[in-house]
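Dear colleague,

Here is the structure for you to look over. My notes follow below it.

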Amino acid sequence: MSDSPSLPLTAIEKPTHFLADIIATDQAAGRYEGQVVTRFPPEPNGYLHIGHAKAICTDFGLAQAFGGRCHLRFDDTNPEKESDEYVRSIQEDVRWLGFDWGEHLYFASDFFETMFELAIDLVERGLAYVDSQSGDDIRSSRGTVTQAGTHSPFRDRTVAENLQLFHKMRAGDFGDGTHVLRAKGDMAAANMKMRDPLLYRIRNAPHHRQGDKWCIYPMYDFAHPLEDALEGVTHSICTLEFENNRDIYDWVIANVDQSRLKTQPKQYEFARLNIGYTVMSKRMLRQLVEKDHVASWDDPRMPTIAGMRRRGIRPQAVRHFVNRVGLAKANSQVDAELLDGSIREDLNFEAPRVMCVTDPLPVEIRNLPEGQVEWLEASYWPHDVPKTGSRQVPFSRNLVIEREDFAEVPPKKWRRLSPGAEVRLRYGFFVRCEDVIKGPDGRIEKLICSYDPTTRGGDSPDGRKVQGTLHWVSADKGVPCELRMYDRLFGVENPGADGDFLQDLNPNNLKVTQGIIEPAAAKTAAETPAGGEVRFQFERQGYFWPDPVDSTGDAPVFNRIVGLKSSWGKPALKTPSKAQTKTKAKTKAQKVGKRPELSPELAAFAAELQGMGAPRADAEVLASDATLASWFTGAVQAGAKAKTASSLAVNELRRAAGETPLDQLACAPVDLAELCGLLDAQRISSKGGKKILAVLVEKGGSAQALMAELGLEQISDPAVLRPMVEKLLADNQANVDAYRGGQKGLRGFFVGQAIRATGGKGDPKVVQALLTELLG
RNA sequence: UGGGGCGUCGUCAAGUGGUAAGACACCAGGUUUUGAUCCUGGCAUUCGCAGGUUCGAAUCCUGCCGCCCCAGCCA
C-alpha cells in the first residue's frame, strides 16, 4: 500500500467531534496522567464491514491524534460463535485500513483467570451470588420495562455456599444453564440492565484459544470493562446501543478489587454507520453468503472490508469516506453516493486512463485497408491531472465501439454516433457512420464507417467540430476480457423496511459482459501480481481493476470498482424542490399535546404563589418543585420583586446550579433577592445577572460585591456609549453597508462587538437604541 | 406506559446567549479529445412544535410531538 503524498485524502486530520473534545478536556485536566488509550474490540465471529471501519478509524484515529495508542482486542467470551478464521481476517482488515496496534494485541480470553479471581472476590464480599433458577425463571423474574422484577430465591445464599457452587461451576460439575453467577444489583432498577446482571454462565464448549480449559465464560457486561481496565484503556468507545450498559460498566469498575485495575476507564458512545442501499448487520450479511446471494464474504458487492478490498476500493477512499461522514450521536443514514464519491475522488488522480469496450459493437473502417495498423500515441492522463506517461494504441480496419454509443434514431442532444454523423474516436481519427448492417432479427451487427486520415490524433486541420468523442478498441489487436459490472447490492434505500430484506436485492447487482481492452492495458494488467496496485479508469466507463482471484494473464477479468458520474441517461434522482419542501414542512402540522393538568394540591399551591405576584406560568413551574418554590418565596420575603424573583428562579437558577441540588447551594434566597434588586435597578444587564448568579450558587457571596468584583456594573449613559458605537460602525463600513442592504442578521454582530468594546459593561438596551438611530 | 438517547438544508454535520460553518447531493455558468475531472457562482430569514425568559435564543426555562435503544445464560 502506497500513500500518495499528493493526495489530501491521506492527510491525518485532527478530529473535531465530541469525542475529541472529551479527550482534549481529560488531557488538559491531566486525567490518566495525560495518557490516551483506546481499543477496537471486535468479537471474532464474523467479517468486518464498513461500519466497523468507522469504529476503527475513530478508535485508532483518536489515539493517533492525541499521542496515545489503540489496542486491538478480540472480545472472545462466547466460544460457540468464535473462530480463528475471523481473528485472522479481522487483523488483515484492520491492517489493510492502515492501522497498527504494535504489540498491543489482546484477547479477552487471556484474562479469564484474572476475571475469575475478581468474580470470586465479588462473591466473597457479598456482591455476587450463584443463581440456580432456570433461564425462563430468570427472565420472568426480571420484570418488564414498566414493572420491577423480583428477587431470585437463591439471592440470599451464604458466601460459603456461593463460593462452593461457583468453584463447582468452574470445575465442570454442572450442565449448561443450571447455574449462573449474578451481581447483586437492584431488581427494581429502571435500567433493566441493572436488575442483577449475569456475570458468568456455564458453557461446556471448547474455546478457540483456551480449548477445554474453561466451561464457564464471563458475560460481556462483566468482561468488557475488566478487559479495558486490565489493559489500561482510558476511553472505551462503542456504539449507541450500549448506552444502557454503561451503568453496569461503571458498577463493575467501581466494585471490583481496585488493586487489580490499571485504569478507571469510561465508556462513550457514538452513532453507528448506516448507508443506503445496503445492510450492515452480521446476521443479514451472513444470510447473503449462506443463501448464495453473493459468492462469499469477500464478494465485491458486500460492504465488508474484504469485499471492498476485492472490489478494488483503496483504504484511502474508505478513510476519506469515514472522515466525511463525521461522528455524532444522532442515528443517521448516509447517502450511498457519498461512498461512491469518495472512491472516485481517491481514484481520479491515481488511475491511468485506458480504453476498454464493455459491450462491443463492430465497426469497419471502409477506407482503411485490411492489415494496415496506425499506431497512435495516447496519454494516460487527462489535461488536469498533473502526471505524465502515454502508450501506443493501434487503429485498424476492424474496431469495436460501445453498443450504447450508437443510435439509429438519435434522441435530442445526442453526442455520439448515428447514421451520417461524425464523431471523434479518442486519440484516433474522426469517423463518419455510412452504413448500418443488421442481422435477420433486426439487431445491429456492424457499422460501416469511413475515417478522415487528416484528423490523426483527433484534431481536424480545418477546425470542424464533431458530435462527441467515443472510446474504442481495435478488434484486431485488442484483448478479450471479462467485465464484472457491480452495482448496488439492494434496489431500495432501506432493505427490509417492509418485509424480508432478501426481497429487496437488486437483481442487476452484477452484470457480466465480455469486452475488449486495448493491448497496452491488458499487458500491464497481466504483468501485475494478483491484488497489486493496478487500477484503471476505462474512459467514459468507470474505475476497474483485475479481480485478484479470478483474473489471469490469458483471461483477464476486471471488476468495476465504481462507475463514473454521469449526467446523461439517468433521469437524475429527483430532489424535492424548495417549494415542495416548504409545503411538506407546513403540512407536517404536528399534533400538539395538551399541557397536563396540575393536581388539585399543586394547583392550589400555584394559586398561592400567583397571589404572591408570580406570573401564572412561573407559578405552575414553581409549584411542581417545592425547593425551587422556597427559593422564590424566600427571595420575595427578603424584599425581591416577585416577577424578577420568579423569572430568575424558573429560568436561571436550576441551570446555574447544575448538578448541585437546589437546597445545597452556596447562597441563600436573600442573596437572590439582592440580585433581583440590582436587576430591577438596571445596574446590571440580564447577562451580568447570570454571571453573578453562576458565582453565587457555587461560591456564595454578595451580589453587589460580585458586581463590583467582576466589573459588571452597566454603563448606560448614551453620551459615553455613543462614540464607541460610532467608531465601531466606522471601522466596519462593509458590514454597515451589508446591513443597510438588508442583511439584518448583522445586528447581532454589532451589538456583540459594541458590548465587547465596553468590556461587557455597555447596557445592551442603550446600545440597541444607538444602533437603531445610527444604522437607520 | 418505566429508564436511557437523539431531533439544525435532500443526506451527513459544526455551532452551547451576539453574522446559521463545512462536506456530499442539487441548480446555473465556464474549461474540456472522458456527458468525467476541474473552476466560478447559487443553494436553511431559520434550527421537531408551541409558549416563556432576554436588548438579543438553534443555544436558557416549561410543555408537547417524533424517532432509536433496553425485558439473551449474545456482543
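How do the residues of the surface near RNA strand B divide into nonpolar, polar and charged? They divide into 27 nonpolar, 34 polar and 36 charged. Ala, Val, Leu, Ile, Met, Phe, Trp, Tyr, Cys and Pro count as nonpolar, Asp, Glu, Lys and Arg as charged, and the others, Gly among them, as polar.

First, the ground rules. This is a predicted model: local features need pLDDT of at least 70, side-chain atom pairs need pLDDT 80 or more, and totals for chains, interfaces and linings use all residues. Residues are numbered from 1 along each chain as its sequence is written, chains are lettered from A and ligands numbered from 1 in the order written, and side-chain values use heavy atoms, without hydrogens or water.

**RNA strand B**

- Glutamine 333: a polar backbone atom is 2.9 Å from a phosphate oxygen of RNA strand B.
- Glycine 458: a backbone N or O atom is 2.9 Å from a base oxygen of RNA strand B.
- Asparagine 651: a backbone N or O atom is 2.9 Å from a sugar or linking oxygen of RNA strand B.

**Leucine 338**

This residue sits in helix α12 (residues 336–348). Helices here are DSSP runs of H or I, at least four residues; strands are runs of E, at least two; both are numbered from the N terminus. Leucine 338 is partly exposed, because its relative accessibility is 26%. The class runs between buried (under 20%) and exposed (over 50%), with a 1.4 Å probe and protein chains only. Beyond neighbours within four places in sequence, leucine 338 contacts (heavy atoms within 4.5 Å) Phe321, Arg324 and Val325. Its C-alpha is 7.1 Å from that of phenylalanine 321, 17 residues away in sequence.

**Helix α24**

Its buried residues are Leu746, Phe750, Val751, Ala754 and Ile755. Their cover includes α22 (718–731), α23 (733–740) and α25 (764–775). Glycine 759 follows α24, with a positive phi near 65 degrees.

**The sheet**

An open sheet of 7 strands runs β19-β16-β17-β18-β12-β15-β20, with mixed pairing. Strands pair if DSSP finds at least two bridges between them. The edges are β19 (469–470) and β20 (472–474). Strands β12 (residues 360–365) and β15 (residues 398–402) are antiparallel, joined by 5 bridges. Glutamate 364 has asparagine 398 in β15 as its bridge partner.

Best regards

Notes:
A polar contact is a pair of N or O atoms within 3.5 Å; within protein, one must be able to donate a hydrogen and the other to accept it, and residues adjacent in sequence count only if both atoms are side-chain atoms.
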